[in-house]
Amino acid sequence: MSRDCIFCKIVRGEIPSHKILEDENSFAFLDIHPLADGHTMIIPKDHIERFEDVPPVQLGKLFESVQRVTKSLKNSLKAPAVTIGINNGHAAGQVVPHLHIHVIPRFENDGGGSVHSIVKISPTRSLEEVVRLLQSALKN
Ligand code: 5GP
Ligand code: ZN
């Protein structure tokens, strides 16, 4: 827990939120500035800033919550699709430094784009070079 973190305060109930669900490790609540009705965020209860810092044993439970929220949005708001996203790190647009997984209900012709519309950086390396670099990093 981090004393000053806004999402830790939400988990502790020191800041009000519209809670959707809670289990041992995760907490889900509505985004205060929803991008669509039902825009929900799922967070680890522990103060973990980034996705790669989540202890692997907690990942299953965290993503079980993401799946439960997705199903509830489908059943309650009749959302035929959802966008699931993490702004993981400042350069990726993360504003609150406590990991949160956005689940945003999507509808046909709702005017939103796909992941392809968010990131458009021209590649500078060949696919062969990239696969070599990634595979060698995975060995460490
Ligand atoms: P990020 O840009 O870091 O991925 O997203 C942070 C999200 O947290 C934003 O969508 C913002 O609306 C939401 N947010 C920021 N402060 C609060 C708050 O106090 N309560 C709730 N429910 N959401 C918040
Ligand atoms: Zn926190």
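Helix α1 contributes the largest share of the shell around ligand 1, namely three residues, where helices (H or I, at least four residues) and strands (E, at least two) are DSSP runs numbered from the N terminus. The structure is a predicted model, in which local features need pLDDT of at least 70 and side-chain atom pairs count only at pLDDT 80 or more, while totals for chains, interfaces and linings use all residues. Residues are numbered from 1 along each chain as its sequence is written, chains are lettered from A and ligands numbered from 1 in the order in which they are written, and side-chain values use heavy atoms, with hydrogens and water left out.

The protein has three helices and five strands, which run α-β-β-β-α-β-β-α from the N terminus on. Its C-alpha trace spans about 50 × 40 × 25 Å along the principal axes.

Of the 16 residues around ligand 1, those that come nearest are L30, D31, V95, H100 and H102, a residue being counted as near if one of its heavy atoms lies within 4 Å of the molecule. By class, the shell comprises nine nonpolar, six polar and one charged residues, with Ala, Val, Leu, Ile, Met, Phe, Trp, Tyr, Cys and Pro taken as nonpolar, Asp, Glu, Lys and Arg as charged, and the others, Gly among them, as polar. Polar contacts to ligand 1 (pairs of N or O atoms within 3.5 Å) involve the protein backbone at several positions: an oxygen atom of the ligand is 2.7 Å from a polar backbone atom of V95, a backbone N or O atom of G93 lies 3.4 Å from a ligand oxygen atom, and a nitrogen atom of the ligand is 3.3 Å from a polar backbone atom of I32. The elements that give two or more residues to the shell around ligand 1 are α1 (6-12) and β2 (26-30).

These two elements also take part in an aromatic pair. The structure holds three aromatic pairs, defined for rings of Phe, Tyr and Trp (its six-membered ring) with centres within 6.5 Å, and classed as stacked for planes under 30 degrees apart, edge-to-face for over 60 and tilted for the rest. One of them, formed by F7 and F29, is edge-to-face, at 5.3 Å centre to centre and with 80° between the planes. Because F7 lies in helix α1 and F29 in strand β2, this pair ties together parts that are 22 residues apart in sequence.

Methods:
Polar contact = N/O pair within 3.5 Å; in protein donor to acceptor, adjacent residues only side chain to side chain.
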